[in-house]
Amino acid sequence: MTVRTVIVGAGLHGCSAAVHLSAQGHGVTVIDKAYAGRHASGVNAGGVRRLGRHPAEIPLAMAAWERWQRMSELVGDDCGFRPVGQIKVAENDADLDTLAERECQVRELGFDHERLIGRDELRRRLPALAEHCPGGLACDGDGYANPYRTVTAWRRQAERQGARFHEGLEVTHLEAKGNGWEIIAGTQRFHADLLINCAGAWAAKLCQWLGEPVPLSAEAPMLMITERLVPFLGPVVGTTSRPLSFKQFENGTVLIGGGVRGHVDAQRQVAETRLAGLADNADTVVSLFPFMREARIVRTWAGVEAVMPDQIPVLGPSSTVDNVIHAFGFSAHGYQLGAITGEIIADLAREREPALPIAPFAISRFRHDTPRT
């Protein structure tokens, strides 16, 4: 018998779940109040990184990175993945000590993907970098990809396998019916044996209806992109003590992001940029790459991200009801993990223990918290 599955949210995690569940023979319906990739998934910085992950996320990031190596095989498109490497730069000796401690921590966990590099190697890899930086932490094989292209590729693969997408429909009611669910969205009713909550910044509403409120906040990471510049940068660059994600694309444009927040307009359900924050981000760039002072910014934007107080996602079964799986709250660093979350959801749907450890991501960890408004 076909398992009727409704996924709420057509971001990358929802599309990944749709691919893997439809491949298992589920009858998959994906509902989104806007369109696939409208918010976090389609407008982020596109970082494909293992570098600097929360320890609980490292096993998932390593598995996802392996999938990124064969993305064309999985969804028929490499999604613009470029494994140029990533480097977290130390701006002073205290930063360098922090990075050395991080390298030791990662090795103690049994991983060796992050490596401390000194001033000479840092200068060789980043010749345009300011002289005051004493070293960095490098992760070869990390890189970046194209966010909206990625969401589109996963969506199309799901559709080729029979998944149906309904866009522009906001879920307004959820009710248990027998052993399944009735979901009302717009003027339509959907019935499901299995419900997947991939609703991103709006996932808390479903959790409230399910009797397991979560302290989720909606935040708006901002990004800027410059005019085309002469090639000067290979790896993606971050910093140790300040937010930054800095990369140059093949066409010469440079993206500046890394977590500086804008404003979420909850009523309009959009993100707005904040000039002061953009200026702070630009100052960080100029202090590292002084010649960037003359670069012109041609566009700015912000996405809406679901952020959890402990900065790691909710990924696993509901703690209050049967036949519900959660995958949300990736806290502005879930893009790379989208390559593996669908596999985990598919394992959970089959009531099979996932091969990767997900206990730290259980929704029950917030059982005694008070939800944010």
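Guide: This is a predicted model. On α4, the face turned away from the buried side carries Asp93, Glu101 and Glu108.

Visitor: What makes Asp93, Glu101 and Glu108 exposed?

Guide: The cut-off is over 50% relative accessible area. Asp93, Glu101 and Glu108 are exposed by that rule.

Visitor: Which residues of α4 are buried?

Guide: Asp95, Leu99, Arg102, Glu103 and Val106. Buried means under 20% relative accessible area.

Visitor: How do you know that the buried residues of α4 line one face?

Guide: Look down the axis of α4. The buried residues fall within an arc of 100°, so they line one face of the helix. An α-helix has 3.6 residues a turn, so residues three or four places apart point the same way.

Visitor: What covers the buried residues of α4?

Guide: The cover includes α2, β4 (86-90), β5 (115-118) and β6.

Visitor: How do you know that the span of α4 agrees with that of a helix?

Guide: α4 covers residues 93-108, which is 16 residues. At 1.5 Å a residue, α4 should span 22 Å. The end C-alpha atoms of α4 are 23 Å apart, which agrees.

Visitor: Why is Asn92 called a cap of α4?

Guide: A side-chain oxygen of Asn92 lies 3.2 Å from the backbone nitrogen of Ala94, at the N-terminal end of α4. The limit for a polar contact is within 3.5 Å. After α4 comes Gly110, with a positive phi near 95°.

Visitor: What makes β14 largely enclosed?

Guide: Strand β14 (residues 222-226) has five of five residues buried, so the rest of the structure largely encloses it. Both faces are covered. Met222, Met224 and Thr226 are buried on one side, Leu223 and Ile225 on the other.

Visitor: How do you know that β14 pairs with β20 and β17?

Guide: Pairing needs at least two bridges. Five bridges join β14 to β20 (residues 297-302), and the two run antiparallel. Two bridges join β14 to β17 (residues 254-257), also antiparallel. Thr226 stands opposite Ile297 in β20, and Ile225 stands opposite Leu255 in β17.

Visitor: Why is the contact of Asp193 with Arg4 called a salt bridge?

Guide: The rule asks for a side-chain nitrogen of Lys or Arg within 4 Å of a carboxyl oxygen of Asp or Glu. The closest N and O atoms of Asp193 and Arg4 are 3.2 Å apart, so the pair qualifies. Asp193 lies in the loop between β11 (188-192) and β12 (194-197), and Arg4 in strand β1 (residues 4-8), so the pair ties together parts 189 residues apart in sequence.

Visitor: Where do Asp142 and Arg50 lie?

Guide: Their side chains meet in a salt bridge at 2.8 Å, N to O. Asp142 is in the loop between β6 (135-139) and β7 (143-144), Arg50 in the loop between β3 (47-48) and α2 (58-69), 92 residues apart. Both Asp142 and Arg50 are buried.

Visitor: What makes Arg53 and Glu57 buried?

Guide: The limit is under 20%. Arg53 has 2% relative accessibility, so it counts as buried. Glu57, at 1%, counts as buried too. Arg53 and Glu57 form a salt bridge, with the closest N and O atoms 3.1 Å apart.

Visitor: How many salt bridges does the rule give?

Guide: The count is 28.

How values were computed:
Residues numbered from 1 in each chain as written. Predicted model: local features only at pLDDT ≥ 70, side-chain atom pairs only at ≥ 80, totals over all residues. Heavy atoms only, no water. Helix = DSSP H or I, 4+ residues; strand = E, 2+ residues; numbered from the N terminus. Buried < 20%, exposed > 50% of the residue type's maximum accessible area, 1.4 Å probe, protein only. Expected span 1.5 Å × (residues − 1). Arc of directions from axis to C-beta. Contact = heavy atoms within 4.5 Å. Polar contact = N/O pair within 3.5 Å; in protein donor to acceptor, adjacent residues only side chain to side chain.
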